[in-house]
Amino acid sequence: MRRTIFTAEHELFRDTARTFYLRECAPYAEQWERDGQVSRAAWAAAGKAGLIGWQFPEEYGGQGIWDFRYNAIMAEEMAATSSVGIGLGLQNDVIPPYLMRLTTPEQKARWLPGVISGEIICALALSEPAAGSDLKGIRTTARRDGDEWVIDGSKTFITNGILADLVIVACKTDPEAGHKGISLIVVERGAEGFERGRKLDKVGMKAQDTAELFFREVRVPAENLIGQEGRGFYHMMGNLPTERIAIAVSSLASAERAFALALDYAKDRTAFGRPIGQFQANRFALADIKARLSVARVYLDGCIMALFQGELTAEEAAAAKYWTTETCWEAIDRCMQLYGGYGYVNEYEIARIWRDSRVQRVFGGTSEIMQEIVGRSLGL
């Protein structure tokens with residue numbers, strides 16, 4: 001079905017995004033996967049092209065445009081161009097609500113210009129070794145000592161953990177108050193006692209640096225608190241629907257790329273004297289994938305517009321993430337099957353997409369958590 005959610009301005013932005021990915025990212029994808037992280041030069045190029053922080057006010061270098069359709073375009077073009085690793089999704093989809101809605105004018109002036117230019121790379125440190133989907137269970141603490149916060153604890157599975165210059169850390173500032181004692185505090189590169197742990201050796205997304213972070217008596221200025229003290233849990237919950245739609249968008253874009261690759265392969269690869277796509281089993285498999293992805297696209301585009309219009313509910317976002325990531329994983333796995341043994345060879349792009357896509361059902365809240373959120377909305 002023809003997509004109707006984008007305007008001419010969006011399509012011009014798509015051209016810019018595609019040009020950036022083709023020029024600054026796709027040629028280096030294999031090298032970044034070997035390195036386990038992306039070059040900072042690519043971040044600077046993204047900033048120069050206006051592909052970071054367009055949501056922020058013009059006075060800081062942004063464009064003042066809060067429209068998730070631009071975020072969707074970035075994710076779609078990243079998948080379409082076979083680019084990997086650069087954490088612009090986190091920088092554009094997840095971080096802006098924290099840095100725009102929870103910060104003071106002084107904090108905005110201090111951080112936003114560098115974020116928008118790509119000079120400052122951000123990370124969000126929520127997950128811990130014993131607290132993933134259960135954010136109420138975090139153990140990292142921050143105690144007030146005069147004009148400073150003193151942070152102790154550790155985080156894991158942190159996207160951009162190695163490259164990050166600015167880390168938003170979820171801490172318990174009142175350990176006795178449960179989730180009402182969680183606050184958000186910014187830790188900047190170079191803070192004494194702030195250490196990067198090992199870069200995690202993941203199954204997929206190898207070019208995206210994911211790390212452990214350690215905080216040992218890390219002292220930061222009291223003014224590095226963002227939002228309200230003790231309201232961090234609610235700030236995080238308020239931002240999760242956007243993050244979940246972003247994951248759904250990325251997942252569907254990856255599945256659509258996998259389908260395009262598999263369709264081409266089914267037309268070109270021959271067996272028993274004819275293209276494998278002409279065998280009924282394969283033709284039906286591709287038809288099934290096409291139908292499922294098309295249906296997912298319609299629902300997800302509806303969610304994107306609801307988010308843009310300020311009408312998206314937490315339950316709708318959870319349903320979108322659950323359905324899209326589960327459906328797309330099945331589709332990608334079936335696309336890989338069409339390649340036979342070649343699908344299991346890393347030089348084929350389908351293998352990388354398969355590896356990278358598995359985690360979509362886990363981060364941002366597992367599929368089981370998404371089912372729980374939707375289930376609770378049913379009055380059960």
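Visitor: In which sense do strand 2 and strand 3 pair?

Guide: This is a predicted model, where local features need pLDDT of at least 70, side-chain atom pairs count only at pLDDT 80 or more, and totals for chains, interfaces and linings use all residues. Residues are numbered from 1 along each chain as its sequence is written, and side-chain values use heavy atoms, with hydrogens and water left out. Strands (E, at least two residues) and helices (H or I, at least four) are DSSP runs numbered from the N terminus, and two strands pair if DSSP finds at least two bridges between them. Strand 2 (residues 141-145) and strand 3 (residues 148-159) are joined over five bridges, and their sense is antiparallel.

Visitor: Which residue in the turn between strand 2 and strand 3 has a positive phi?

Guide: Asp145 has its bridge partner, Glu148, in strand 3. The two strands form a hairpin with two residues between them. The turn residue with a positive phi, about 65 degrees, is Gly146.

Visitor: With which residue does Glu148 form a salt bridge?

Guide: A salt bridge is a side-chain nitrogen of Lys or Arg within 4 Å of a carboxyl oxygen of Asp or Glu. For Glu148, the closest N and O atoms of the pair are 2.8 Å apart, and the partner is Arg219.

Visitor: How many residues apart in sequence are the parts that Glu148 and Arg219 tie together?

Guide: Glu148 is partly exposed at 29% relative accessible area; the partly exposed class lies between buried (under 20%) and exposed (over 50%), using a 1.4 Å probe and protein chains only. Arg219 is also partly exposed, at 37%. Glu148 sits in strand 3 and Arg219 in strand 7 (residues 210-221), so the parts tied together are apart in sequence by 71 residues.

Visitor: What separates Glu106 and Arg110 in helix 6?

Guide: Their side chains meet in a salt bridge of 3.0 Å, N to O. Glu106 is partly exposed at 42% relative accessibility, and Arg110 is partly exposed at 29%. The two are four residues apart in helix 6 (residues 105-117), so what separates them is about one helical turn.

Visitor: Where do Arg361 and Glu326 lie?

Guide: The side chains of Arg361 and Glu326 meet in a salt bridge, 3.0 Å from N to O. The pair ties together parts that are 35 residues apart in sequence, since Arg361 is in the loop between helix 10 (349-357) and helix 11, and Glu326 is in helix 9.

Visitor: Are Arg361 and Glu326 buried or exposed?

Guide: Arg361 has a relative accessible area of 17%, so Arg361 is buried. Glu326 comes to 18%, so Glu326 too counts as buried.

Visitor: How many salt bridges does a search of the whole structure find?

Guide: Some salt bridges share partners, and these join Arg3, Glu11, Arg14, Arg18, Glu76, Glu77, Glu256, Arg297 and Asp301 into one network. For the whole structure, the search finds 28.

Visitor: Which side chain of opposite charge is nearest to Glu243?

Guide: Glu243 lies in helix 7. Leaving aside neighbours within four places in sequence, Glu243 is in contact (heavy atoms within 4.5 Å) with Val94 and Gly364. Lys and Arg count as positive, Asp and Glu as negative, and His and the chain ends are not counted. Glu243 is buried yet has no salt bridge; 6.5 Å away is the nearest side chain of opposite charge, Arg244.

Visitor: Why are the buried residues of helix 11 on the same side?

Guide: In helix 11 (residues 367-376), the buried residues are Ser367, Met370 and Ile373. The arc is that of the directions from the helix axis to the C-beta atoms. They share a side because their arc around the axis is only 115 degrees.

Visitor: Which exposed residues are on the face of helix 11 turned away from its buried side?

Guide: The buried residues are covered by parts including helix 7 (232-268) and helix 9 (314-338). The face turned away carries the exposed residues Glu368 and Arg376.

Visitor: Which residues does Val374 touch?

Guide: Val374 is in helix 11. Val374 counts as partly exposed because its relative accessibility is 27%. Not counting residues up to four places away in sequence, Val374 touches Glu315, Ala318 and Ala319.
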